[in-house]
Protein chains: 2
Amino acid sequence: MAGKENQIVEAGKKQPKKKRSRIQTENRALILDAALQVFSTDGYRGATLDRIAEKAGMSKTNLLYYFPSKEDVYRTALEQIVVNWLDPFRDIDGDGDPIEQLRRYITLKLKASHENPEASRLFANEIQRGAPLIKDFLETTLKKLVDEKAKVIHRWIDDGKLAPVDPYHLIFLIWATTQHYADFDVQVNALLGNQASKPGFYEQSAQAVLSIILNGIRPR
Amino acid sequence: MAGKENQIVEAGKKQPKKKRSRIQTENRALILDAALQVFSTDGYRGATLDRIAEKAGMSKTNLLYYFPSKEDVYRTALEQIVVNWLDPFRDIDGDGDPIEQLRRYITLKLKASHENPEASRLFANEIQRGAPLIKDFLETTLKKLVDEKAKVIHRWIDDGKLAPVDPYHLIFLIWATTQHYADFDVQVNALLGNQASKPGFYEQSAQAVLSIILNGIRPR
DNA sequence: ATAAAACTTGACTACTTGGTCAAATTTGAA
DNA sequence: TTCAAATTTGACCAAGTAGTCAAGTTTTAT
């Protein structure tokens with residue numbers, strides 16, 4: 001872990017991107033998928049290459065043929081997640097209608113958490129253990145992006161299109177809530193009983209969350 | 001792990017409570033405090049008794065003199081947390097003013113997350129790994145309590161004292177947001193820069209969160 | 001068809017981990 | 001003070017753990 005270059009997200013722009021064979025593409029995908037499951041429940045330290053390899057349907061030795069180390073598997077999985085994370089956030093359009101823009105963003109984020117809860121949990125885990133691999137990313141790339149969107153929200157407030165709330169805390173509240181349905185889904189399920197597994201449940205949750213947040217920030 | 005009785009929270013009522021010597025009381029406290037730190041960052045599987053013992057300032061062998069196993073240390077730490085968790089929630093008074101009651105609860109919860117983030121993270125970790133030790137507690141004790149409070153909120157809505165929001169999702173939103181400041185504090189700090197370490201920061205966060213949530217549910 | 005390159009694996013190593021045990025050392029009640 | 005009970009620890013063990021290596025097997029370009 002020590003000394004390695006932290007190249008999450010920022011990298012992958014100039015890299016020559018060595019072409020991968022069919023088998024490589026397939027197996028790397030299998031591994032990353034298995035890794036997502038194991039890392040997201042057991043955390044970085046608790047996860048083992050044996051379990052990941054088993055879940056991926058291959059020997060540990062073979063896994064290590066595709067990735068040089070445990071940390072590299074983890075880093076790669078994490079990077080994929082973070083990239084997907086950012087897109088909908090970037091898409092918040094300062095020129096659009098605030099309520100509509102935020103509704104769209106919250107809906108997308110809820111959907112992502114719902115469809116890929118493991119990714120959400122893995123990210124949460126990384127932050128909870130002190131973000132050793134992505135602290136730098138948080139302080140540079142993500143901070144820049146958040147500052148930008150905070151400014152957008154501030155402008156909406158100045159234009160009277162939004163209630164005067166602190167943009168940063170509004171963003172945190174949205175992130176917190178949407179992640180909750182992924183990270184705490186065991187608790188959500190336990191507390192809602194069978195209700196949570198019914199077909200329309202996800203839409204209903206989204207509706208409830210949107211209703212509270214959007215009314216909380218509607219101009220008044 | 002397998003086969004052991006799950007006695008989180010529900011227990012501790014009839015147990016004879018063997019009296020503890022001064023040294024026992026002190027050392028158990030030292031261990032549990034160290035355990036909280038290690039478990040909350042490394043998770044159950046990732047935590048090691050060696051690290052916990054070291055942080056507690058004693059040998060691993062000695063630690064195992066006070067607790068029979070790693071799981072027992074973990075279970076005890078978790079139990080303490082959950083008990084403290086529940087009190088403010090229980091205290092929500094159906095006969096009080098809704099906004100006032102919820103303001104009080106949210107404030108208390110934010111304060112708890114702020115003062116004891118490790119506890120919050122440890123709990124989050126337990127849920128994220130599938131709640132193996134407290135699933136039963138979630139489905140029985142906690143569910144009963146939540147159902148109760150949901151009814152209270154529903155009554156408030158029927159009386160027109162609160163906007164018509166789904167009580168369960170409102171509770172989730174409150175939990176999610178308050179936990180966020182503990183579980184994601186590395187991210188919060190990274191994104192807010194020095195601002196987050198300033199003295200009044202916590203009060204300011206509380207104000208922002210309260211403002212959004214309470215306005216989101218005020219009758220309209 | 002064939003051989004080089006790509007892929008796969010079992011055996012192995014050095015190290016960590018939860019837990020045991022017996023032998024000290026310390027504590028505290030009489 | 002005194003000695004049994006309580007506390008503490010180093011040595012140890014069996015079961016993992018990440019990662020290496022050399023020897024195979026399969027793919028693929030020709």
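I began with helix α5 (residues 98–115) and helix α10 (residues 201–217) of chain A, whose axes come within 10 Å and cross at roughly 145°. Axes are lines fitted to C-alpha atoms, for helices over the stretch in contact, and angles run from 0 to 180 degrees between N-to-C directions. Helices are DSSP runs (H or I, at least four residues), numbered from the N terminus.

I noted the basis next. This is a predicted model in which local features need pLDDT of at least 70 and side-chain atom pairs pLDDT 80 or more, while totals for chains, interfaces and linings use all residues. Residues are numbered from 1 along each chain, chains are lettered from A and ligands numbered from 1 in the order written, and side-chain values use heavy atoms, without hydrogens and water.

I then listed the contact (heavy atoms within 4.5 Å): α5(A) residues including Leu102(A), Ile106(A) and Leu110(A) meet α10(A) residues including Ala206(A), Leu210(A) and Ile213(A). The contact of α5(A) with α10(A) divides into 11 nonpolar, two polar and two charged residues, with Gly counted as polar and Tyr, Cys and Pro among the nonpolar.

I turned to DNA strand C, which has 20 residues around it, near meaning a heavy atom within 4 Å. Among those that come nearest are Ser21(A) and Lys60(B).

Technical notes
Helix = DSSP H or I, 4+ residues; strand = E, 2+ residues; numbered from the N terminus.
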